[in-house]
Amino acid sequence: MRKMHKKINIVLIFMLMSVFAALDAGYALRPPSQFNEQKPRQNHFEYIMKRLTSDRFSIIDDDRNHAAEKILKRFAEGYLPDTMPYQIQLDLTAFCPTWNRVLKTGQGSKDCRNCSFPEKSNLHVNIDVLLELLQYFEKNGGRSVFVTGGGEPGAYKNWHDLFLFLADSTLGLTLNTNGLFVRRLELEYKKGYSDILRKVFSEDKEPAVISISIHDETGYRAAEKLNVLRNELGLNIIIRNTFMVHADTKPEELFEFIEKSERSGADLAVFKPEHVFMYGERMFNTNEQAFEIIRDLVIKQENINKGVPEYGHQYNIVIQAMRPNRLSGLFENTRSMIRSLIRDGNDPLCLGPLCNFYVNSRFSWGMCCDTKDIGMGSVPAEVFGTGIPQRPEDYYIEAMWGIIKLDPQHCITGCGFMEPNFRFPSELKLGYLVKELKLLRAKYRKGEMSEVEIKERLRNFFKLTSAPVETMPNLKNHGSSI
């Protein structure tokens, strides 16, 4: 009876996620008006889509991340990948001057009050170790650097040295900033380093996506300055303004954000749901009115993308949303069922560290962008390694150990990997891997196997199954349940 209950739960989750997938449309992009205008107009859409879905494009809320799929297909073939994940998501510092002001004055944006990583310090990563890590990453197949926080990336002290490295590197760059990073770019410009910036943000690379978190008017001013700078220097940058939707966000705030982002010269206006710490867990706030408005805007954006602008919105900016369904009260049904699976010890495996390389400001390897450091409510970090791997194969052994030992209570239900964690095992024929990892996880949780034994088992498992999939006996009978 209990097994049947679990199966029903899983089926219901799939049904709900199918509904939400339709609501989450909004990843196709209309060509930004100020980006690569030299391209023929009729080829704009195809060109932009090709660029923004490339291996180096790094804003990863799109669960159709084909770069991750390439890595996972190696596991499906029975091999440990011999390249690192294509993207490194990196914290450069644990410092944020905005957060400092909030602590000193008690005043600040409501976005800051629920900061994902509120435990700040004056830590800045050692530039020499950082460059060694990035050199290793690039040499072993890495393609994209995504600087997140943690702290505010613009506060990092060694950007000039990092720019020097990136100028001669094939690595693409993307980052999230409250706007301070734009000041860093202006400073490099004023010091006469225009040529270095042109190389970092070169047309020979995929576009750098600079996401500016709009907490107040300073965010729009930063977008305006960045727009001027990229036009003056010809920088290959996409400007992406993001807006946090709270439980009490009003409709007029949503439209004001779009209009001001459009005037600032940004290419994208992106809504993202707020999450809070409540009842000992991190969860998304519900705002049904905002959800309905954003859903309507995303549908209208899709109509423009499909060539029917008469059914589109009236704005001259691309409108997107990160996981908009999390704002709907209906999402609580999915959340409750997944939390039930977690309580039963039947939680889905998190494939995050197999798809991206998450590194916090202490060079520890995290399970995902949301648990790589101590989070709101002092939720512990979920890390599984540190430093520079000896070989990519070693990294993946450590990553699978992280998957096995993960405490899912530390996760926010509904993160960007929720849907892929359900979809990838069946779509990419990872059933044999899922079965093995779940078996090892069960033994670890019961105290029947140690970390050393698990890692040795994993090495032997892939050594024995290193033949192509078609020669592996009974592989198709292993199933693809999650």
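Buried residues account for 58% of the 482 residues in the chain. The model is a predicted one, and its chain carries 18 helices and twelve strands. Of the contacts between residues at least 6 apart in sequence, 78% link residues that are at least 24 apart.

Two packed helices are described by the angle between their axes and the distance between the axes. Take α6 (residues 127-139) and α7 to begin with: their axes come within 11 Å and cross at roughly 20°, so α6 and α7 run roughly parallel to each other. The crossing of this pair is right-handed. On the α6 side, the contact is made by Ile127, Leu130, Leu131, Leu134, Gln135 and Glu138, and on the α7 side by Asp161, Leu162 and Phe165. Sorted by class, the contact of α6 with α7 comes out as six nonpolar, one polar and two charged residues.

Next up are α10 and α11 (residues 251-264), which pack at an angle of about 30° with their axes 8 Å apart. That angle falls under the 35 degrees that counts as roughly parallel, and α10 and α11 are therefore described that way. Their crossing is right-handed. Glu217, Tyr220, Ala223, Glu224 and Asn227 of α10 touch Glu256, Phe257, Lys260, Ser261 and Ser264 of α11.

The α15 residues Met400, Trp401, Ile403, Ile404 and Lys405 meet Leu433, Leu437, Leu440, Arg441 and Tyr444 of α17. Here the contact of α15 with α17 splits into eight nonpolar, no polar and two charged residues.

Just after α8, glycine 192 takes a positive phi of about 90°.

Positive phi also turns up away from glycine. Most residues other than glycine have a negative phi, and most peptide bonds are trans. Arginine 323, though not a glycine, has a positive phi of about 45°. Arginine 323 lies in the loop between β9 (318-321) and α13 (331-343), and at 15% relative accessibility it counts as buried. Serine 378 is another such residue, with a positive phi near 60°. Serine 378 has its place in the loop between β11 (364-366) and β12 (383-386).

Tyrosine 86 belongs to the loop between α3 (66-76) and β1 (87-91). With a relative accessible area of 11%, tyrosine 86 is buried. Between tyrosine 86 and serine 144 there are 58 residues of sequence separation but 6.2 Å from C-alpha to C-alpha. Proline 207 is found in the loop between α9 (194-200) and β4 (208-213). Its relative accessible area is 3%, so proline 207 is buried. Proline 207 and isoleucine 237 are 30 residues apart along the chain, while their C-alpha atoms are 5.4 Å apart.

Finally, the cysteines. The structure holds zero disulfides. The sulfur of cysteine 350 has its closest cysteine sulfur in cysteine 368, and at 5.9 Å that is too far for a bond, because a disulfide needs the two sulfur atoms within 2.5 Å. Cysteine 350 is buried, at 12% relative accessible area. For cysteine 411, the closest cysteine sulfur is again in cysteine 368, at 5.9 Å, which is too far for a bond.

Technical notes
Residues numbered from 1 in each chain as written. Predicted model: local features only at pLDDT ≥ 70, side-chain atom pairs only at ≥ 80, totals over all residues. Heavy atoms only, no water. Buried < 20%, exposed > 50% of the residue type's maximum accessible area, 1.4 Å probe, protein only. Helix = DSSP H or I, 4+ residues; strand = E, 2+ residues; numbered from the N terminus. Contact = heavy atoms within 4.5 Å. Nonpolar A, V, L, I, M, F, W, Y, C, P; charged D, E, K, R; others polar. Axes fitted to C-alpha atoms, helices over the stretch in contact; angles between N-to-C directions. Parallel < 35°, antiparallel > 145°, perpendicular 65-115°, else oblique. Left-handed = near helix turned anticlockwise from the far one by under 90°.
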